[in-house]
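Q: Please take me through this one step by step. I would like to understand the parts before the whole.

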Amino acid sequence: QIAEVTMTETDSVRKTLLHRTVATGGGDVIEKAHTHQEALYGRDAFAKAIYERLFCWIVERINAVIAVKGYDPRVHGKNTVIGVLDIYGFEIFDSNSFEQFCINYCN
């Protein structure tokens with residue numbers, strides 16, 4: 001599914017998550033399989049990077065939509081901002097949602 005979302009070949013995603021390419025001092029290139037722990041770490045880092053990029057994209061889109069055209073802070077005062085409220089209690093869930101991730105990222 002991630003290959004579809006990222007418009008990448010399935011085999012390429014699988015290979016990237018399960019193997020690494022190492023260049024030796026002699027100029028040879030070796031493909032080495034990740035350990036189970038390394039593969040899990042890579043998967044988690046990949047997921048975090050996707051969430052971070054999605055979050056930044058959402059913020060940029062919202063800012064573009066609410067931007068005041070011709071805004072001059074010297075004339076108009078404080079600019080419009082979006083505040084993210086961290087509501088107590090989300091942390092008790094076994095599985096947090098994307099919204100909680102966004103809140104934690106902002107904090």
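**Starting from one leucine**

Q: Where does Leu54 lie?
A: Leu54 lies in helix 3, where helices are DSSP runs of H or I with at least four residues, strands are DSSP runs of E with at least two, and both are numbered from the N terminus.

Q: What kind of model is this, and how are things counted?
A: This is a predicted model, in which local features need pLDDT of at least 70 and side-chain atom pairs count only at pLDDT 80 or more, while totals for chains, interfaces and linings use all residues. Residues are numbered from 1 along each chain as its sequence is written, and side-chain values use heavy atoms, with hydrogens and water left out.

Q: Back to Leu54: why does it count as partly exposed?
A: Leu54 counts as partly exposed because its relative accessibility is 36%, and the scale calls a residue buried under 20% relative accessible area, exposed over 50%, and partly exposed in between, using a 1.4 Å probe and protein chains only.

Q: What does Leu54 form with Tyr51 and Trp57?
A: Tyr51, Leu54 and Trp57 form a nonpolar patch on the surface, and together they have about 310 Å² of accessible area. Patches are made of residues with over 30% relative accessible area and no salt bridge, with nonpolar side chains (Val, Leu, Ile, Met, Phe, Trp, Tyr) joined within 5 Å and like charges within 9 Å. The areas come from the Shrake-Rupley method with a 1.4 Å probe, and for residues only the protein chains shown count as cover.

Q: OK, new topic: how many salt bridges are there?
A: A search of the whole structure finds 4 salt bridges, each being a side-chain nitrogen of Lys or Arg within 4 Å of a carboxyl oxygen of Asp or Glu. In general, side chains of opposite charge can pair when their charged atoms come close.

Q: Which residue does Lys15 pair with?
A: Lys15 forms a salt bridge with Glu31, and their closest N and O atoms are 3.1 Å apart. This pair links distant parts of the chain, since Lys15 is in helix 2 and Glu31 is in strand 2 (residues 29-33), 16 residues apart. Lys15 is partly exposed at 45% relative accessible area, and Glu31 is partly exposed at 43%.

Q: And which one does Glu38 meet?
A: Glu38 meets Arg20 in a salt bridge, with 3.0 Å from N to O. Glu38 lies in helix 3 (residues 36-66) and Arg20 in strand 1 (residues 19-23), so this pair ties together parts that are 18 residues apart in sequence.

Q: What about Arg43 and Asp44?
A: The side chains of Arg43 and Asp44 also meet in a salt bridge, at 2.9 Å from N to O. Arg43 is partly exposed, with 44% relative accessible area, and Asp44 counts as partly exposed at 34%.

Q: Now the strands: do strand 1 and strand 2 pair in the parallel or antiparallel sense?
A: Strand 1 and strand 2 pair in the antiparallel sense over 5 bridges, and two strands are said to pair if DSSP finds at least two bridges between them. Val22 stands opposite Ile30 in strand 2, and His19 stands opposite Ala33 in that strand.

Q: What do the two strands form?
A: Strand 1 and strand 2 form a hairpin with 5 residues between them, and Gly27 in the turn has a positive phi of about 95 degrees.

Q: Which residues does Lys32 touch?
A: Leaving aside neighbours within four places in sequence, Lys32 is in contact (heavy atoms within 4.5 Å) with His19 and Arg20. Lys32 is found in strand 2.
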